[in-house]
Each structure stands twice: as structure tokens, then as C-alpha cells.
Amino acid sequence: MKLKHIIHSLSLACCLIAGLSLTSCLNDDNSDNNYSPEESRTMLTAMSGTYSGKAFIAYLKSANGSYYTDINSDVKEDSVTTYFSVRSDSTLTVQFPVSLLAHCVIDSTNTALISALQHSSTQTLTCKIYLQPDFTSSSYYYGFYALPQETTTVDVGSGTNTFRVKIEYAMSATYFNSSKYNFSSIGQYFISANGMAFYILPGTISVNGEEQKMTPCPILFRGTR
């Protein structure tokens, strides 16, 4: 499946949002925007459950810092099987596939780091769902932002080739050294399909305390109950 079709799975209107700042979309008390407690509870109850599907990562074919112009010719995607779950208290628990981050290593000759990431296990990531009426059509889908509540720190590899990888997440981010590719942590629950899709956005990735070894890439989760 081409990357443009994956991106379109959330909808043409709100998957790629250039220059978006989400801070204005979230109330200071972290309550859902324009929804009563009863409405929020009804929507979150409908969304609750465990979803099986895939996580897709968009990454550069050649991560050399060049300017990339075509999301289909310059950017690739890879995927792994994963699952995630939603609770009615707005908690989204994701099995985050650290192995996909092997594609984010800038130096392709750093085979020790790449191999360590490829053989790493998934990490549990807890997120909060913020329902958003701007991306909601009550008969067809519910829109939301998926915001991780902590960083992910994991040791990958073994022996002298052990790396401490720390992932800090963003609400919105620009990727691939081009303002053309702006993503936000938008998601949608598709009512009739009992399916969900959302982005998780690594904002920075450090390896043994150094940030220049890896370029963050957006990750799209899709699944059905």
C-alpha cells in the first residue's frame, strides 16, 4: 500500500495539517472541547476495546539531510503487527514497536544500532484521548488527538553494543527537513467499521544521550476490534 493511501485512511481533511499548534485545541483543564461529560462518556464507551492491526512508519529512503520533495518517491513506509486498547476513562494504551525506529538511524553504516533496534521488543505507551468535534461526524466517525503521557526509555542490544534509546513525543511535528510534511497526533474512530487510526509522533530521539544519531519519523496505528 502506498504511503499516500495510508495517510488518506484518516481522511483527506485532517491527516496532514500544516503548521498546526494543538495547544489552542486543548483546554487548560484537559477536558474535551465542547462536549458534555455525558457526551464524552458515550463516545469513549463506544470506542472502548482492544484493537488488532498494524503500525506504519514513514521514513526517508536515504536519510542524508537532503531536501525531499515527493512523499511517494522520497519517502517509504514499513509496518509491523501490533495492538492497542481504549478505556472509557480516555486512556489509550499502545504497544509501541521500537523495532520500526531502525529506519530512523541516520548513519546506515551504524549496523550495531540498527540491528539492536530491529531485534527490540515492543514497549507499552500510555496516551490520553482528547475528543475533538472539529474532526467528528457523529454518524460516521469520532475525531480525537492521541497524546502520550510519558517518554519511552528502553535499552536495546547487548554487551558492548547496548544502547539507551529515549523517545520524547510531540503533539505536532515537521519531518524530513521540509515544512511540507507536517503531522499532528490526530486520530479517528470509524463507527461502522469498529476501527481506529491515529498518529503517534516522536518529537526527539536520543541514543546514549545524543540526539543526532536518529531522525524521528511519524508512526500511524490502524486497527479493528
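Does Phe198 count as buried or exposed, and at what relative accessibility? I shall begin with that residue and then turn to the aromatic pairs around it. Please keep in mind that this is a predicted model.

Phe198 counts as buried, because its relative accessibility is 0%. Phe221 has a relative accessibility of 0% as well, so this residue also counts as buried.

Tyr51 and Phe84 are both buried.

The other pair brings us back to the opening question. Phe198 and Phe221 form a stacked aromatic pair, with 5.3 Å from centre to centre and 10° between the planes. Phe198 lies in strand β11, residues 195-207, and Phe221 in strand β12, residues 219-224, so this pair ties together parts that are 23 residues apart in sequence.

How are these residues linked? Ring pairs join Tyr51, Phe84, Phe198 and Phe221, together with Phe144, into a cluster.

Finally, I would mention a contact of another kind, between a charge and a ring. The charged end of Lys128 sits over the ring of Tyr130, at 5.3 Å from the centre of that ring.

Technical notes: Residues numbered from 1 in each chain as written. Predicted model: local features only at pLDDT ≥ 70, side-chain atom pairs only at ≥ 80, totals over all residues. Heavy atoms only, no water. Buried < 20%, exposed > 50% of the residue type's maximum accessible area, 1.4 Å probe, protein only. Phe/Tyr/Trp six-rings, centres within 6.5 Å; stacked < 30°, edge-to-face > 60°. Helix = DSSP H or I, 4+ residues; strand = E, 2+ residues; numbered from the N terminus. Lys NZ or Arg CZ within 6 Å of the ring centre and 35° of its normal.
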